[in-house]
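Reader: Could you take me through one part of this model closely? I would like to see how the pieces of a chain meet, and what lies within them.

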Amino acid sequence: MLAYLIRRIMIMIPTLIAISIISFTIIQLPPGDFLTTYVAQLTASGETVDQAELESLRTRFGLDQPMYIQYLKWAWNFIHGDFGHSFEWNKPVSELIGERLGLTVVISVSTLLFTWAVSIPIGIYSAVRQYSWLDYILTVLGFIGLATPNFLLALVLLWVSYAYFGLSIGGLFSPHFADAPWSLAKVVDLLEHVWIPVIIVGLAHTAKFIRIIRGNLLDELRKPYVVTARAKGLSETRLILKYPVRVAINPLVSTIGWTLPELISGIAITAVVLNLPTTGPLLLCALMSQDMQLAGTFIMFLSCLTVVGTLISDILLAWVDPRIRFGAREGL
Amino acid sequence: MKADHASQKQLKYLNASTRRLIWWRYRKHTLAMIGLVSICGMYFTALFCEFLAPYNKDTIHLDAIYSPISKIYLFDKDNNLCWPFVKECRLKLDLEHYKATVIEVPGTRFPIKFFVKGDPYHFWGEWLWDRHLFGVEKPGTLFLFGADRMGRDVFSRCLYGTRISLSIGMIGVLMSLLLGVTLGGVSGYFGGWSDGIIQRVIETIRCFPSIPLWMGLSAAMPPHWPALKVYFAITIILSLVGWTDLARMVRGKLMSLREEEFVLAAKFIGASDARIIFKHLLPSFMSHIIVSVTLAIPGMILAETALSFLGIGLRPPITSLGVLLKEAQNVTTVALYPWLLLPVFFVIIIVLSFNFVGDGLRDAVDPYSR
């Protein structure tokens with residue numbers, strides 16, 4: 001297990017380096033470096049530009065040096081927790097992103113748990129009672145859920161709740177908790193609000209998972225071992241839950257690596273519509289105003305989240321499934 | 001007689017080409033057939049949208065700002081059934097509430113006509129014409145989906161938006177197909193270090209949450225670019241991420257196929273690598289490519305819609321469904337003018353149809369793979 005773990009972590013390093021190169025490229029993409037943007041902003045607002053400060057910034061970020069040195073410098077600072085400076089907010093980036101990243105993690109993990117909690121029982125029901133009227137309704141609902149982009153669903157829900165119930169479902173906190181320090185009451189308040197984005201983002205994935213579980217379980221149910229178990233007199237519930245279901249839900253765990261980036265993507269855009277204090281709106285804002293240090297850091301961190309998530313899911317999978325643990329020894 | 005008939009049927013089945021067999025299997029799939037019909041309808045709409053739309057997409061009706069969906073009357077004032085007609089609408093300023101409302105002028109009557117004379121347009125940018133499939137004569141107005149903040153007909157704009165959104169899907173998928181087949185082909189056929197590098201690249205790209213990455217790339221576009229250039233840049237950005245799925249599929253198929261005996265035979269005869277790939281290997285998984293492409297198009301369309309909705313995708317005057325939905329971005333606008341949300345249905349229908357067709361095709365091409 002330890003050998004597998006070490007091998008798995010070693011694989012992560014080149015991926016992380018590649019991610020950091022792409023993030024750095026995105027920071028560099030807009031024409032001119034960010035100091036030009038900064039100077040343009042200052043002159044636009046009528047402030048004078050302090051030449052000495054400009055010089056110190058220029059050397060701090062190594063803007064007078066070739067690109068690869070700039071990258072190395074950026075990466076070095078990044079590892080040491082200096083993510084650069086947001087010129088729009090005039091604050092270090094690290095101060096801006098902490099809580100927002102945390103909330104993104106909270107929402108994505110709860111969305112993942114929600115999709116599992118909903119899709120597993122429904123998938124099992126749909127497969128066991130194939131072609132019953134409830135199965136048909138669930139299938140149609142599932143297809144609609146798959147086809148509706150989650151930000152549009154958010155928009156429609158916002159409108160329905162606003163127009164018919166007079167509620168505003170945006171945000172993650174009640175107004176009086178928004179700027180309050182963390183406390184138990186604030187956590188409870190968060191729990192009261194978090195289910196709306198969770199449902200919106202989770203719906204498409206729930207629909208997808210239901211299809212996967214239903215298909216897999218239908219294949220499994222036709223296999224001889226199920227017939228054998230039934231012939232031996234095992235009760236139907238126990239029979240289904242103990243063997244075929246375990247095989248059928250395997251893809252849910254093994255695809256966490258792909259599901260996580262999609263969930264984070266979905267949260268980013270839903271958050272803009274619902275105005276959640278997560279990374280999405282601030283990222284969009286940073287991109288609009290070309291505050292690239294902030295935007296690049298966000299993109300870097302969101303991708304790292306996915307890499308770490310994949311790592312956790314692989315460890316889980318290896319822990320659950322001994323074939324992977326030992327297969328790794330023979331060269332993956 | 002009966003046995004003879006049966007053997008005739010069997011003979012027909014045995015002699016059928018693969019393509020015909022696939023079509024027979026596909027035809028049994030009801031949802032897939034519905035999807036196919038609706039996609040054909042959508043592309044037809046996209047091709048002839050200038051003629052099918054009652055107005056041009058940028059025609060401004062100053063006295064119909066935020067006009068709601070036109071009421072179509074089926075009964076005249078004596079309650080007799082008659083040909084559907086609309087009443088003339090005027091903008092009324094309510095100075096007490098600082099609100100402009102659209103009211104109907106009683107007594108007016110504009111029947112809905114076919115091949116009505118309306119806004120002149122250049123059909124496919126070439127031929128000047130002014131007939132529209134249906135509409136009402138001026139000064140009557142027919143807004144099936146209401147009007148937006150400049151009094152433009154939302155329904156007509158949806159038809160034009162369908163054209164742009166579908167074309168983005170097509171061009172984007174073609175580009176990712178090119179990238180995916182080339183890189184996936186190299187990686188699967190030659191293996192070795194090129195396979196290693198390409199696989200790492202694919203894994204890295206897949207680690208990125210796609211929307212933040214797309215946002216980053218499209219925000220880097222200089223704001224002074226003309227709309228058409230932005231359009232092409234967006235398709236390139238979308239396909240930069242989209243090719244990975246296709247490449248994986250092509251690689252997997254090639255890996256299993258290159259061990260087959262017919263490839264070995266071709267090699268012994270002295271066929272070049274290119275000939276083996278394009279002449280022998282590609283046809284044997286062409287159907288899988290078509291399936292993957294069909295399933296990739298809705299993703300492209302949704303991604304473009306999302307980017308344009310956020311305001312970092314396409315820009316007016318190019319009108320896609322996402323650009324239309326940008327008008328409906330904040331709740332208060334939507335609460336007052338809910339018909340601005342109607343383009344959502346076009347998006348849903350397009351995406352659903354492509355998914356149905358893709359699912360049906362997959363089952364028809366390869367009945368054993370689930």
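Author: Happy to! In chain B, 8 residues of domain 1 are in contact with 7 residues of domain 2, where contact means that C-beta atoms, placed from the backbone, lie within 7 Å. On the domain 1 side, the touching residues are 4 nonpolar, 1 polar and 3 charged; here Ala, Val, Leu, Ile, Met, Phe, Trp, Tyr, Cys and Pro count as nonpolar, Asp, Glu, Lys and Arg as charged, and the others, Gly among them, as polar. Please keep in mind that this is a predicted model, in which local features need pLDDT of at least 70, side-chain atom pairs count only at pLDDT 80 or more, and totals for chains, interfaces and linings use all residues. Residues are numbered from 1 along each chain as its sequence is written, with chains lettered from A and ligands numbered from 1 in the order in which they are written.

Domain 1 of chain B covers 60-152 and domain 2 covers 157-365, with bounds from an automatic or database domain assignment. Their centres, taken over C-alpha atoms, are 39 Å apart.

Chain B also has an open, antiparallel sheet of 3 strands in the order β1-β2-β5; strands are DSSP runs of E, at least two residues, numbered from the N terminus, and two of them pair if DSSP finds at least two bridges between them. At the edges are β1 (73-75) and β5 (110-111) of chain B, each pairing on one side only. Strand β2 (residues 81-86) of chain B is joined to β5(B) by 2 bridges, running antiparallel. B:Phe85 has B:Pro111 of β5(B) as its bridge partner.

Note on methods
Helix = DSSP H or I, 4+ residues; strand = E, 2+ residues; numbered from the N terminus. Contact = placed C-beta atoms within 7 Å.
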